[in-house]
Structures are given as C-alpha cells and as structure tokens.
Amino acid sequence: MKIKSHSLFTILLGTLILSLHSCHTAEEVIDDQQQRRLNEKEAKELLFAKSQIPFYCFYSKVGIDFTDSNRSNSFKATVKMRVDSAFSGTLSVGPVIGASYLVTKDSVFFTDKMKNCYFKENFNYLTAIFGTEIEYQFFQALMLGLPLGLDEEIKYNYKHTRDYYILSSYKKKDLRRIEGEEDAIFVQYYLNTTTHNLDRIAIQVPSDTVAIEIDYQNRIAYDSFMLPEQTHIKIVQPKDSILINLDFGSVKLNECKEIDINIPDSYVKCK
C-alpha cells in the first residue's frame, strides 16, 4: 500500500506514533533455577494480565531510527500521554524542533515548522503507513509494550518451546483456507519462559499481504510495571519494508503534562 508523503517530518510522525512505549536503563535479575512450565490456562491469564495499565499519565523522550527503501533517518521526540485519551509532543533533528503533533482517539494533528504548514487526518492516514487498519488502542499498546489486539472471545492456540510460551489467534495449517477473509488478522504472542515478559508479537494480515514484527527488548521495572527500553518494529508490505527502532529514556509516570498542539494562524495546509 502506498504511503502518503507530505514531508519528511510527516513520515517521521507516523513512525513516532507507531512507537512510544517507554523505558530507561537497568538489568533484570533472572533466577537461574528452572521454573515450572505454565499450562495453557496460566499462560493466557498471564498474557491478558499484561494488558493492564496501572498509571494514568506517561512522559518520555525517545530516539527513533527510521529506514525504508527510499530513506534512512534518525531523530528525537517527546511523548506526553494520558492513558485511553490522547498523546502529543515534538519532533526534532539535532537542536532544532521541526514539528509537533497531537493524536486523539480518532484524529492526528501535525505542524511542520520548517514549512509553516499543518494537517489534520483521521486514522486512515496511519492505516496507510502500516498497510492495514489501525486504531488508537493499537498505538497505545505499542507505546507501552503491551500485547496488541487481545480479545476474550478468541480461542488462542497454545504451545511452548524452551524459550517461549506462544499464544496464537490462528493455526498455521488454517492459513491457506482463510487467506481470502478480508477482515482476518492473525497474531502470535511470545512470552519468555524465564522472565515471563512479553518479548515479541508477530502480526499477519493476509488480505493486505502485510506482516508486522514487534520485538520488545530490555524491560525495566517502574514500580510493578515492566516497560521496554527498546522496541524494534519491522513492517513488510508488497511494495516496501519499513524498519523502526525506538530507544526510550527519561520516563515519568503520573506526572501529567498538558497535551495540546498550537497551530499558528499563518500556517497553511500541508500539500
């Protein structure tokens, strides 16, 4: 699916929004003793428990590396979020703030300070970046290192290897039979058998020929909540592949900041 392009910062905004989760620095202490294997019920309960958010405000600075077939860029961003509501911040290259953004539950607002222009889009814009339909909750979960797209009504298939408990919303042998279902999305969650952290998510959208791989790395404890220090995202579409690496720092929880965007009267709509 072709990605719309207003400017460099416009594309980078999409990568930021498909980022944000959190982090810091530290090392987890892992018990060397062999742990008892979780059964299917226990693994599912563990996965769903990880979707809980025990705070209401989030702030972080994040370094973002973005690569596709046409460009490779690095930039810095700030993220201010109110859980289940909205998030906003700035994007900068070096010391220069080049853009600001606001994401609500249904729209994206963006100002390009280099071109004195702005745009407002609904989530169809972000859908074009990912190559499949995207909603606000998808980005919030991605920002915070949570499992994406959980559904209590779905029967999850379970298996375990030495390293992972794997819960899937499909069986591989069924893919050929259901590839033609337009609304089908297939997700696999990888829970680490030692740390019990969610390490990886693999998403397939057969109707759009899109695959998304998300790797959460080096989780850090903030109170009782484990946030990834880094997230690596790979999006494979028929016409391109996108790699996004996120590196978070200066995380603050429940220190609420104003979430807004200022669009000067002199700005025109970005073309």
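Modeller: Asn116 lies in the loop between strand 5 (107-112) and strand 6 (117-122); strands here are DSSP runs of E with at least two residues, and helices are runs of H or I with at least four, each numbered from the N terminus. This is a predicted model, in which local features need pLDDT of at least 70, side-chain atom pairs count only at pLDDT 80 or more, and totals for chains, interfaces and linings use all residues. Residues are numbered from 1 along each chain as its sequence is written, and side-chain values use heavy atoms, with hydrogens and water left out.

Although Asn116 is not a glycine, its phi is positive, at about 55°. Most residues other than glycine have a negative phi. With a relative accessible area of 40%, Asn116 is partly exposed (buried is under 20%, exposed over 50%, partly exposed in between; 1.4 Å probe, protein chains only).

Asp223, not a glycine, has a positive phi of about 55°. Asp223 counts as exposed because its relative accessible area is 79%.

For contrast in setting, Gly89 is found in strand 3 (residues 86-93). Gly89 counts as buried because its relative accessibility is 7%. Setting aside residues up to four places away in sequence, Gly89 touches Thr78, Ser100 and Tyr101, where contact means heavy atoms within 4.5 Å. The C-alpha atoms of Gly89 and Leu102 are separated by 6.9 Å, and the two residues are 13 residues apart along the chain.
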